[in-house]
Amino acid sequence: MDDQGWDEVHKPPHRLVITAAATAPLVTFVPEPGLGQVRREWAERRLVVPEPVAVALALTVGESMVVRSMHLFVGGDPVLTSSTYLPAYLAGSSNTWQRVDAGQLALTEWPAESSYLQDRWRMPRQVESTALGIEPRTPVLEMARPYTVRVSASETVPAGVLVVARSDLVAVRHESGS
């Protein structure tokens with residue numbers, strides 16, 4: 001096989017566009033037109049942070065956090081999940097977090113900063129292959145984005161966003177900001 005990448009050979013229909021910006025990268029989901037309605041489902045739960053997530057997001061292994069997940073479907077097919085990990089006391093009772101897009105921190109009440117985003121291809125964990133409706137040997141795209149949330153003038157706490165997308169349906173496109 002030649003030097004073509006997975007995206008060029010399989011031509012996934014949808015895109016996660018990562019735009020470089022002065023303050024932080026911006027992530028936008030761009031669905032292929034004509035493949036059906038885009039639908040989002042949200043859930044919030046408590047979870048003990050597993051090691052792979054802690055490493056990807058610079059969090060503490062075993063810490064109990066609130067996870068706010070958005071599951072995105074196009075034409076009824078699961079395409080990606082975007083999960084925000086944050087300390088429970090930051091969660092609050094507002095549902096405004098359900099208005100954020102994939103790859104964005106699902107926290108609107110506190111100022112937060114992110115200076116980088118990492119993306120890589122990997123094999124899915126069992127829970128991910130089930131949620132995305134794929135075979136366990138189908139690669140997924142992982143986008144990890146650690147955040148720092150300012151809770152007072154002198155205190156910050158870590159949080160993060162982990163996006164897991166189907167490699168057969170989503171490709172990444174990097175763009176430079178204006």
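Predicted model: local features only at pLDDT ≥ 70, side-chain atom pairs only at ≥ 80, totals over all residues.

Residues are numbered from 1 along each chain as its sequence is written, and side-chain values use heavy atoms, with hydrogens and water left out.

**Entry: Ser114**

I looked up where Ser114 sits, and found it in the loop between strand 6 and strand 7 (118-122). Helices (H or I, at least four residues) and strands (E, at least two) are DSSP runs here, numbered from the N terminus. Is Ser114 buried or exposed? It counts as buried, because its relative accessibility is 3%. For my own use: buried means under 20% relative accessible area, exposed over 50%, and partly exposed in between, with a 1.4 Å probe and protein chains only. The side chain of Ser114 makes a polar contact with the side chain of Arg145 at 3.3 Å. That Ser114 side chain also reaches the backbone oxygen of Pro146, at 3.0 Å.

**Entry: salt bridges**

Next I wanted the charged pairs. A salt bridge is a side-chain nitrogen of Lys or Arg within 4 Å of a carboxyl oxygen of Asp or Glu. How many are there in the whole structure? The search finds 10 salt bridges.

I picked out Asp101 with Arg40, whose closest N and O atoms are 3.5 Å apart. Asp101 lies in the loop between helix 3 (88-91) and strand 6 (112-113) and Arg40 in strand 3 (residues 38-48), so this pair ties together parts 61 residues apart in sequence. Asp101 is partly exposed at 22% relative accessibility, and Arg40 is partly exposed at 31%.

Then I checked Arg122 and Glu128, which form a salt bridge with closest N and O atoms 2.8 Å apart. Arg122 is buried, with a relative accessible area of 9%, and Glu128 counts as buried at 10%. I also see a network of salt bridges linking Arg120, Arg122, Arg125, Glu128 and Glu142.

One more pair: Asp168 and Arg166 meet through their side chains at 2.8 Å, N to O. Asp168 is partly exposed at 31% relative accessibility, whereas Arg166 is buried at 10%.

I traced an open sheet of three strands in the order 2-1-10, with mixed pairing. Strand 2 (26-30) and strand 10 (170-175) are at the edges with a single partner strand each, so one side of each has no neighbour in the sheet. Two strands pair if DSSP finds at least two bridges between them. Strand 1 (residues 14-19) runs parallel to strand 10 over six bridges, and pairs with strand 2 in the antiparallel sense over five bridges.

Leu16 has Val172 as its bridge partner in strand 10. Val17 is bridged to Arg173 in strand 10 and to Thr28 in strand 2. Strand 1 is mostly covered, as five of its six residues are buried.

**Entry: the cores**

A nonpolar core is a set of buried Ala, Val, Leu, Ile, Met, Phe, Trp, Tyr and Cys residues joined through side-chain atoms within 4.5 Å. Which residues have the most contacts inside the largest one? They are Leu16, Phe29, Val79, Leu80, Met143 and Val149, in a core of 30 residues. Among the elements that give two or more residues to this core are strand 1, strand 2 and strand 10. Its largest share, five residues, comes from strand 9. A second, separate core of 15 residues includes Val53, Leu57, Val67 and Val140.

**Entry: Ala58**

Ala58 counts as exposed, at 53% relative accessibility.

Key. Polar contact = N/O pair within 3.5 Å; in protein donor to acceptor, adjacent residues only side chain to side chain.
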